[in-house]
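Here are my notes for someone opening this one for the first time. Have a look at the picture, then go through the points in order.

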Amino acid sequence: MPVVTLQHRRLERLVGKGIDEILAMLPYIALDIEEEGNDYVKVEYNPNRPDFSTDYGIARALRGIMGIEVGLPKLNLVESSVATFNVDASVYSIRPYILALVALDGRMDDEDLRQLISMQEDLHMGIGRKRRKASIGLHDYDKVDGPFYYTTESKDFKFIPLNSAREMSMQEILASMDVGKAYGHIIKDHARYPIIKDAKGNVLSFPPIVNAELTRVTEHTRNMLVEVTATDLNTARDVLAVIAVTLSDMGFKVASVSINYDGYTITTPDMSHRRMSLPMDRLSLLGLDIDRKEVIECLRRSRLDVDEGKGKGEGEGEEVDGSIECLVPRYRVDIIHWIDLVEEVAIGYNISRFEPRYPRLKAMGSRDRTLKVLDDARSVMVGLGMLEVMNFNLVSMLMQYEMVGRRMDSNSLVVEESKSKEHEVLRDSLIPSLLAVLSRNVHEPYPQRLFEIGKVFSRVGESIREEWSIGVVIAHSNANYTEARSYLQAFLHTLFGIDVETEPVDEPPYESGKAAEILFKDKMIGSIGEVSSRVLSNFRIRVPVSAFEVIISRLIAK
Amino acid sequence: MLIALHDIEKRLILALAGKKGWMGLDELSMHTGLNMDQVRRGVEWLKYKGIINIEESVIRLITIGREGLNALKSNLPEVRLVDAATRMGGEGVSLKDVRSATDLADDEFNAAIRYAKERGWITLSNGKVYVRKSVDAQSMPEYRLLARLGEKGWLREDELSNDDKDAYRMLKSRPEYIVEKVVKEVKVMLSDHGYSILKQIIDEERMKDALTVKRIDVTAPAPIIYAGRKHILQDVIDEVREILIGMGFEEIDGSMVQSAFWNFDALFTPQDHPAREMQDTFYIANMHKSIDAKQEVVERVSSMHEQGWRYSWSSKEAERLVLRTHTTAVTIRYLAEHKPDEASIFSIGRVFRNEKLSYKHLAEFHQVEGIVVSKDTTLRDLMGIQQEFYRRLGLNKVKFWPTYFPYTEPSLQSMVYHERLGRWVELFGMGIFRPEVTEPLGIDRPVLAWGGGLERIAMLKYGIDDVRELYSNRLSMLRGVARCQL
């Protein structure tokens, strides 16, 4: 989850309360305190709230829940459009959308700038889906002249990218710059790459990879151009709305930009609030006894507002408390359904004020029957003096196959792109993991008699069969087939009252001539044997080991 | 061949071996310290096993009679007669005077005269008594026999000495001096087989002696043995399960491999959500499976996604097979299939995340999850269930913070105060399923859901701070950690 660093002094200034009161309130707007320093605090915010990516956004919410400033935040907007973008049709198949705004007359200190950059990164990672869906360019507006052009260039087109002293071709940027390597895959397959230029042909940006050095934003930047390019228009709108409200809070005047597509024009940012209806009866989900007035107060504390002209007493015969017409600010991209408004009421009310109450449930506890049998199996094993171990279902190919002298085949169930060699393939037998446990414990006192209950997986046509299995290993200086057979008999006899047959078989990991498959009513339900010395040496085990495995699911299947 | 013997039998055999001949039951009782019942029982067993030979015979027993007792008290009549006569001078004492002095009945007195004369103690002449010999009553054989009989009770007639035999004959002729009876007598002796058994017993006893004679060091620790036991994490699973069943929850279980549809799409997780990427989720390579849900459900889920998240939903993506990232894949499927009006269910099982292992992350761990379906249930009920669950785990201070999960709204996380650590610890997350989740599945009432990692609880319980430790399977730990943490 993304993390924001909040400085105590800034936060006190932005909220207008003492730091202790603020710190105590942070969890109640869903911020997790990750780290506390003398003069700062790091908080984790949930990715559904990109507006929490700066201290401005967090202060905005805190002022609401603390009752300092409620209702829709006031925005510092300039009505008229100050710049124009012309979109070339060549971008349509690559990254079709661009939205922009101009922020005027602001003053940023270095911490403001740091917050802004950090917000940009969080938006890239989160709703921008690592720049694939949307990416942001921040530019010094005073360095360029409109109108601007969003178009494409060939791969050998050159400009000076950010943090570079020299011109580089776009191809070179993808090949050699870190950002190029990280995000180049988004556009690589296209013949031409997107580019943003001004009226004089100066490059502003090579989206979604890197800006030009020319428009670098610093704490001296007073006027800023922000553009968002995207493959999804709604995402671009969301991103721009979050940036717009933050810049407004920073003290910039936010001015509009006209975007000319082939044949039509849109003006951005769209900061008009959305209207959503909250049915009053849905609030019963919260279990609170609150009236309409209080509900509205809660919504306002969550920085929403209501249109009292609507919903209340509208139409004849309609209930006065039928619904509440809520006004949702454009930057609250997480609110998509009336249920989200219910939560806004709960947070505005403050979760700490909710009293837990144990419900009256018509319920009778019961156990899953299969899991109960497994527990019985566990008890029998414990009664036989066995120690239970627990391994992973997802194991390494090396251990599951190579080390026990088996080969993988097309039925082996491999997972894609595991981050760890230890987790590559689903187990089809519990014995290899048990041998690995013995291998890790060669210095522990013997005898070691271990068991594990777990699933074994196998491919059957286009589906996967999962069966519960029990594996046993016995390791000590006299371990042999007969002892394992005794335990097998005792186990099955005590658990199910059955006897089984064992027929010779020749298969790893067992020693040839000292292994059998276990049959019950002519059905194969497992294997038993002495583990071959070759396998033991692979696992560096220096005492004899006998083992068996019984697929319990085959005995209890209906 | 060794033969199992009762302690009674061993004692009898040892007593018989000591005597090297026939022994009666009384004797055995005396030598062994066993009571007669035990001796009789033991003899029966030994006889049955062929360890002893038995001889039964008839013997005559005698004891003192009523008159004999009188005589013991105040001497034999003839002695009293001599004593009286001696006291009266001893020479020519009138018979009549002696008689009145002895206070004997006529027939007794006459007999006394006769015995005294026969032994030459007195002579009679003209009705006068002359004492010829002084009498030592205590040394008389008759008296001594009477005294022994009085002391011992029964004596065997066949074991009387020659003197005793004469005295016995004398006493027997007097009425009620002696009482006789005839009894059957059992005598036992070790058989040849018995002697071979004896050797076995002696060896055993010698061994026992060797052990008991030497004092042992009772303060020294004994060799270590290890108990068979469940895995420590299984103990926690059992504890949590018991709590939930006690709270009326019904346990369910399901597949670890699920279609992306049930793991993500049915839970309103958009197809481009970061959690669905391979960096976070394990997909089974080279396998696709047609979505295991009713066509109408798939269609409703699909249109909910397109409406809510504004993108084009792909069934291909939903067909991918994933290792479930939460047990909710199982519970949601249960709800879709059963559509209960009311239900309290839970599930404890493995879940998978494509993560590198670290002290706080595993690629595979256990999740416990609970679901309540009820028409009028509320967020406060959800908090109440959590509070009760934690209380039963011994965690009494709980607080709730808002949070975010893609498929619940409102969503909360719970913080519990851990006394030993002295700080608040984040535990389960919870919420009410979003309508975008329940409506397409045909569920028309609120569904409360909560859950979290079981390893977290285990770590608190056992004081472990590296989660990998729980799966390290170090035998020293598994054998050594106390099952009840005090």
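1. Let's start in a loop. B:Asn75 sits between α4 (66–74) and α5 (77–87) of chain B; helices here are DSSP runs of H or I with at least four residues, strands are runs of E with at least two, and both are numbered from the N terminus. B:Asn75 has a positive phi of about 70° although it is not a glycine. B:Asn75 counts as partly exposed because it has 19 C-beta neighbours inside 10 Å (buried means 20 or more other C-beta atoms within 10 Å, exposed 12 or fewer, partly exposed in between, with C-beta atoms placed from the backbone).

2. Before going further, a word on what you're looking at. This is a predicted model, in which local features need pLDDT of at least 70 and side-chain atom pairs count only at pLDDT 80 or more, while totals for chains, interfaces and linings use all residues. Residues are numbered from 1 along each chain as its sequence is written, and chains are lettered from A and ligands numbered from 1 in the order in which they are written.

3. There's another asparagine to check. B:Asn126 also has a positive phi, about 50°, without being a glycine. B:Asn126 belongs to the loop between β4 (122–125) and β5 (128–131) of chain B. Is B:Asn126 buried or exposed? With 7 C-beta neighbours inside 10 Å, it counts as exposed. As background, most residues other than glycine have a negative phi, and most peptide bonds are trans.

4. On that last topic, look at chain A. The peptide bond from A:Gly146 to A:Pro147 is cis, with omega near -5°, and A:Pro147 lies in the loop between β6 (134–140) and β7 of chain A. The bond from A:Pro508 to A:Pro509 is cis too, with omega near 10°; A:Pro509 is in the loop between β24 (501–504) and β25 (510–520) of chain A.

5. Follow β7 of chain A (residues 148–154) next. It pairs with β4 (residues 77–87) of chain A in the parallel sense over three bridges, where pairing takes at least two bridges found by DSSP. A:Val87 has A:Tyr150 as its bridge partner in β7(A). Six bridges join β7(A) to β10 (residues 192–197) of chain A, and these two run antiparallel; here A:Thr152 is partnered by A:Pro194.

6. Over in chain B, seven strands make an open sheet with mixed pairing, in the order β8-β12-β13-β17-β16-β15-β14. The edge strands, β8 (250–251) and β14 (398–405) of chain B, each pair on one side only. Within the sheet, β12 (residues 343–352) and β13 (residues 364–373) of chain B run antiparallel and share 10 bridges, with B:His366 in β13(B) as the partner of B:Arg350.

7. Finally, the two chains together. Their contact takes 75 residues from chain B and 71 from chain A, counting residues as in contact if their C-beta atoms, placed from the backbone, lie within 7 Å. Which helix gives the largest share of the side of chain B that touches chain A? That is α16 (residues 379–392) of chain B, with eight residues. By class, that side has 37 nonpolar, 17 polar and 21 charged residues (Ala, Val, Leu, Ile, Met, Phe, Trp, Tyr, Cys and Pro count as nonpolar, Asp, Glu, Lys and Arg as charged, and the others, Gly among them, as polar).

Conventions
Contact = placed C-beta atoms within 7 Å.
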